[in-house]
Amino acid sequence: MKNTNKLLCDRSSVSYKAKRLFKRNWSGWLLMLPGLLLFLFFVWAPLAQNVVLSFSETKGFESVGFNNFENYTRVFHDPLFTKALLNTFKYIFWSIIIGFLVPIFLGLLLSEVVHLKSFIRLGIYFPSIVSGIAVVIMWSYLLDPNPGAVLNQLLSALGIPASQFLSNPKLTIPLIVVTMTWRGAGGTVLVYLSALQNIDNSQYEAARMDGAGAMSRIWHVTLPHIKPTIRMLFILQIISVFQVFYEPLVMTSGGPDGASVSLLLLSYQYAFKSFDAGASAATGVILAVIIIALTIVYLRLSKPKKDKVARKWRKYAQTSAK
Amino acid sequence: MLKRLQSKSSGILTAADYKKVGFRIVYWVILFILLVAVLTALIPVLWLFISSFKDASELTSTPYHLFPEAFSLKKLAEVWNMLNFWQYFLNTIIVVVGAVLCSVVFNGLLAYVFAIVKPKGYKIFFGLVMASYMIPALMSIVPLYQQIIDFGLINTYIPLWFMFGANAYYLIMFKNYFESLPKALFEAAEMDKCGKFRAFFKVVIPMSRPIIGVVAIFTMTAAWSDFLLPYLVLNDDSMMTVMVKIYNIQSTMGSIDGFGPDKLLMILTISILPQIVIFALFQKQITGSSAAGAVKE
């Protein structure tokens with residue numbers, strides 16, 4: 001009798017702990033449920049199924065048994081896949097040259113201007129509000145290779161021979177990046193602008209006292225302050241390049257001859273054009289692996305800064321202990 | 001105009017610098033570059049508006065005329081009626097309203113749990129949300145599409161609404177905001193024996209108007225522009241949204257009688273106008289909020 005009583009009151013017993021755990025947390029868990037179910041349905045389950053599909057023989061869009069790495073070898077032997085992989089690096093290159101640097105430059109200029117500031121801000125941001133599909137179709141008409149179309153007429157007025165624009169395999173990726181930048185730059189400029197406006201003015205004054213010229217003020221005060229923003233937007237830029245999809249789909253269908261096909265577009269075409277769900281899933285998984293690898297590299301690269309803080313902290317602790 | 005320059009006291013260059021002629025020239029060059037950037041942003045859309053009033057032959061005429069021979073609203077009405085565009089606009093509004101509601105309620109609720117309630121084990125789920133943040137949703141479109149078919153949700157708006165309820169980016173924005181709210185607020189709600197669910201609606205939501213506005217506007221523009229999933233899910237013409245219809249027209253243009261590129265341009269104009277109206281109404285919130293978080297679509 002005494003013993004059982006002791007057991008019931010024993011606060012370290014498993015059932016008591018479980019009960020307490022449940023009592024304290026059930027309402028929180030219940031609140032999490034709807035959101036988590038949605039994530040499960042729209043994100044996690046499809047992701048997991050995609051991994052399964054990539055190792056499966058498929059019928060329609062469903063798995064009918066495993067076939068090891070067959071989908072992957074098939075994909076790797078497809079010349080279009082090699083092209084898409086190479087194109088991805090071309091997209092990255094051009095989006096760093098155009099899409100990444102332009103907003104930094106414009107943000108820097110905009111933060112210095114005192115005339116027409118809100119007009120310029122609205123104007124630069126304006127393209128971001130136009131929906132993606134409309135932008136892409138609009139640009140494919142602007143870039144009409146017909147010698148009578150608007151840009152070629154403009155070129156000929158300037159004495160430059162007519163261009164094939166998107167049909168020229170050398171121009172197609174840079175032009176697609178221009179289209180993306182035209183739409184996306186405004187939002188990024190505003191992000192830089194807000195980072196620039198957060199810089200404490202006394203730092204500029206201190207630099208000026210030290211006789212720093214305009215260039216050295218930018219180099220020693222401005223850039224170090226917006227470095228975290230630059231770093232964050234750089235990685236976001238590269239990740240967003242891997243998601244290039246609508247632009248080549250609508251503007252070129254990946255052409256001419258696969259010159260602008262992206263991995264995501266290829267994955268889509270495998271699934272909905274050649275109805276090869278296995279190849280589509282394999283391409284998607286390869287894409288995810290690349291993105292995860294890049295994210296890890298990025299996290300590694302940005303780690304030393306934390307160590308620096310930790311070192312400083314330790315040093316502080318040591319000196320204060322003395 | 002010079003007065004403002006002379007009173008500029010903050011930033012990289014200040015009034016002290018602008019005493020020198022060289023820096024003043026630099027300033028006007030900066031202003032010029034920015035105005036060129038604004039023109040680059042505006043001209044393509046203006047070109048679209050003007051060109052959409054042209055007829056097919058005028059689009060590529062030599063010598064090139066920037067302006068059409070006549071701005072007849074008849075063409076606008078003709079295109080509108082020919083495609084019965086009211087229907088697609090109405091469909092889009094239904095999708096957008098549902099998406100905004102789902103986005104605010106579900107992301108907000110989950111972020112509230114992650115930021116404030118923090119039941120045991122929440123970290124696992126938060127980790128999962130963060131891990132899937134970087135991976136493009138389009139990547140697993142095939143299994144998602146199959147799932148939607150299996151659940152019998154094809155040709156309904158349900159998946160298009162609820163998809164916005166599972167968005168890691170909006171969730172993080174909510175979470176950051178909730179974490180910045182004073183802790184005492186939630187403690188008070190708890191003291192009142194106000195349930196956690198009621199606390200969310202009675203305390204958190206009224207305190208979170210700014211962030212709700214931001215997420216609502218982001219969702220609104222994203223849902224308005226969304227295209228691939230709606231394109232796959234909505235097979236029935238009477239269900240289609242504006243963007244789906246536009247893509248549909250663009251990819252099958254040759255097969256529609258009397259429908260050329262000039263009419264497609266007019267449709268683009270029609271589809272862009274509501275976005276401009278929304279922008280004009282909410283410009284402060286939109287430009288202000290996009291600076292609050294790095295926006296990448």
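**View 1. The buried residues of α7(B) pack against helices of two chains: α2, α12 (263–272) and α13 (277–301) of chain A, and α8 and α13 (228–233) of chain B.** The model is a predicted one; local features need pLDDT of at least 70, side-chain atom pairs count only at pLDDT 80 or more, and totals for chains, interfaces and linings use all residues. Residues are numbered from 1 along each chain as its sequence is written, while chains are lettered from A and ligands numbered from 1 in the order in which they are written. Helices are DSSP runs (H or I, at least four residues), numbered from the N terminus. Which residues of α7(B) are buried? They are Ile141(B), Val142(B), Pro143(B), Leu144(B), Tyr145(B) and Ile148(B). A residue is buried if 20 or more other C-beta atoms lie within 10 Å of its own, exposed if 12 or fewer, and partly exposed in between; the C-beta atoms are placed from the backbone. After α7(B) comes Gly152(B), with a positive phi near 70°.

**View 2. Chain A meets chain B.** The contact takes 89 residues from chain A and 81 residues from chain B. Two residues are in contact if their C-beta atoms, placed from the backbone, lie within 7 Å. On the chain A side, helix α2 (residues 14–54) gives the most, with 22 residues. That side divides into 60 nonpolar, 25 polar and four charged residues. Here Ala, Val, Leu, Ile, Met, Phe, Trp, Tyr, Cys and Pro count as nonpolar, Asp, Glu, Lys and Arg as charged, and the others, Gly among them, as polar.

**View 3. Helix α2(A) packs on helix α6(B).** Two packed helices are described by the angle between their axes and the distance between the axes. For α2(A) and α6(B), the angle is about 40° and the axes are 11 Å apart. Therefore α2(A) is oblique to α6(B). Angles under 35 degrees count as roughly parallel, over 145 as roughly antiparallel, 65 to 115 as roughly perpendicular and the rest as oblique. Axes are lines fitted to C-alpha atoms, for helices over the stretch in contact, and angles run from 0 to 180 degrees between N-to-C directions. From α2(A) come Met32(A), Leu36(A), Phe39(A), Val43(A), Trp44(A) and Leu47(A). They meet Tyr122(B), Phe125(B), Leu128(B), Val129(B) and Ser132(B) of α6(B). This contact has 10 nonpolar residues, one polar and no charged.

**View 4. Phe126(A) sits in a loop.** The loop runs between α5 (117–125) and α6 (132–142) of chain A. Is Phe126(A) buried or exposed? Phe126(A) is buried, because 20 other C-beta atoms lie within 10 Å. Not counting residues up to four places away in sequence, Phe126(A) touches Gly186(A), Ala41(B) and Leu42(B).

View 5. Most residues other than glycine have a negative phi. Lys118(B) is in the loop between α5 (85–117) and α6 (122–133) of chain B. Lys118(B) is partly exposed, because 13 C-beta neighbours lie inside 10 Å. Asn155(B) lies in the loop between α7 (141–150) and α8 (158–162) of chain B. Asn155(B) is exposed, because 12 other C-beta atoms lie within 10 Å.
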